[in-house]
Amino acid sequence: MSFEPVPIFLAPMAGVTDLAYRLLAKECGADYTVTEFTAASGLTRRNTNSWLKVETDPREKPFIPQIFGGDISEMAKTVEMLEDRSDVIDINFGCPAPKVCRNDAGAALLRDPDKVVNMVRRCLDSTDVPISVKMRLGTGSGPNTALEISKRLADEGVLRICVHGRTLRQRYSGIADWDQIREISDSVDIPVIANGDVVDTKSAKLCLEATHAGGLMIGRGAIGRPTIFHEIKQGMGWYDKSAPWGDGGPSRARSWCWDRYLELSQEVYGDTGSKNLKRHAVSFTKGLDGASSMRVRLHSIQDKAQLGREVSDYLHGLCEIENQVEIASSSL
Ligand SMILES: Cc1cc2nc3c(=O)[nH]c(=O)nc-3n(C[C@H](O)[C@H](O)[C@H](O)COP(=O)(O)O)c2cc1C
């Protein structure tokens with residue numbers, strides 16, 4: 001079965017999708033990127049760390065900051081404060097973290113469809129910038145509300161809705177329920193973006209078939225593997241562009257992506273480096289030969305530039321081995 005091309009989104013992920021990583025994902029084929037969620041309360045109080053999370057770069061077009069909060073006026077005010085820098089503003093109704101849900105924000109709001117609709121309406125009224133939302137299926141206590149909320153938000157005029165096919169109660173357990181996403185896409189006239197458990201071309205095809213979605217969003221499958229966007233687009237037959245990392249095996253792709261992440265981090269953060277560098281180092285080397293002993297060494301390195309180089313050297317070493325194996329097998 002073949003599918004018409006749909007946009008592929010890099011999911012917002014706190015502690016992962018920093019600006020340099022989002023730019024890297026774009027170079028690897030992601031059509032849209034979204035910032036990690038940022039508290040409306042932090043932005044309205046002009047908290048420096050919160051504002052750092054909504055920094056962008058001319059290469060990140062469109063720019064989509066994601067915000068969350070439980071106070072409707074504060075959310076509307078935040079939308080006003082962000083409108084100059086944003087192409088779209090995304091509202092989070094999906095976060096399951098107890099410290100967010102305790103404040104009646106994130107996925108906890110799904111228990112109160114009226115409040116969700118009022119919040120989004122006030123946000124829409126306070127700006128000309130399009131508003132999108134990202135939500136789960138429901139709280140998992142009582143019937144799911146995502147279908148009702150989606151229909152009402154489509155009538156309010158949101159740009160699109162991304163649905164993660166799990167409930168708040170499930171957090172990340174179980175498998176994403178793509179059938180419930182299909183019920184939503186079949187019921188509204190705006191694009192529904194399917195999210196949950198897409199990790200390769202095969203699952204992307206199955207997900208599109210099951211959900212009839214107008215786009216795919218990929219989270220964990222893109223951690224340490226930004227190449228996934230290119231792989232899916234190639235696998236789907238949506239484009240025949242050559243990969244930016246050229247020919248070669250998986251080590252070459254990882255090594256190119258890591259070096260590019262370091263370059264982009266230098267460009268956007270300067271010598272301060274990326275605050276997520278260590279986490280990315282672990283993800284980029286996960287499952288590779290000798291990675292666990294290399295990672296033990298990484299824990300003792302405080303200097304970010306040195307840490308970056310250690311991982312580069314390690315990945316270049318794997319490329320060498322990969323090349324030698326290729327040469328040896330082609331001469332057989
Ligand atoms: C480490 C991590 C951080 C996340 N942070 C956010 C976030 O800031 N905003 C958000 O809407 N979802 C966040 N999510 C949820 C993802 O965007 C996505 O909905 C979820 O991982 C399911 O998609 P997947 O199966 O492709 O991973 C996060 C997920 C992970 C694993």
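**View 1. Ile 184 is a buried residue.** Around Ile 184 lie 26 other C-beta atoms within 10 Å, so it counts as buried (20 or more such atoms within 10 Å of its own; 12 or fewer is exposed, in between is partly exposed; C-beta atoms are placed from the backbone). This is a predicted model: local features need pLDDT of at least 70, side-chain atom pairs count only at pLDDT 80 or more, and totals for chains, interfaces and linings use all residues. Residues are numbered from 1 along each chain as its sequence is written. Ile 184 sits in helix α8, residues 178-185 (helices are DSSP runs of H or I, at least four residues, numbered from the N terminus). Leaving out residues up to four places away in sequence, Ile 184 touches Ala 146, Leu 147, Ser 150, Val 163 and Val 192 (contact: C-beta atoms within 7 Å).

**View 2. Helix α4 meets helix α6.** The axes of α4 (residues 72-82) and α6 (residues 113-125) come within 8 Å and cross at roughly 30°. That makes α4 roughly parallel to α6 (angles under 35 degrees). Ile 72, Met 75, Ala 76 and Val 79 of α4 face Asn 118, Met 119, Arg 122 and Cys 123 of α6 in this contact. Six of the contact residues are nonpolar, one is polar and one is charged (Ala, Val, Leu, Ile, Met, Phe, Trp, Tyr, Cys and Pro are nonpolar; Asp, Glu, Lys and Arg are charged; the others, Gly among them, are polar).

**View 3. Residues surround the ligand.** The shell holds 22 residues (C-beta atom within 6 Å of the ligand). The closest are Ala 11, Met 13, Phe 37, Gly 219 and Arg 220. By class, nine are nonpolar, nine polar and four charged.

Key
Axes are lines fitted to C-alpha atoms, for helices over the stretch in contact, and angles run from 0 to 180 degrees between N-to-C directions. Helices (H or I, at least four residues) and strands (E, at least two) are DSSP runs, numbered from the N terminus. Angles under 35 degrees count as roughly parallel, over 145 as roughly antiparallel, 65 to 115 as roughly perpendicular and the rest as oblique. Two residues are in contact if their C-beta atoms, placed from the backbone, lie within 7 Å.
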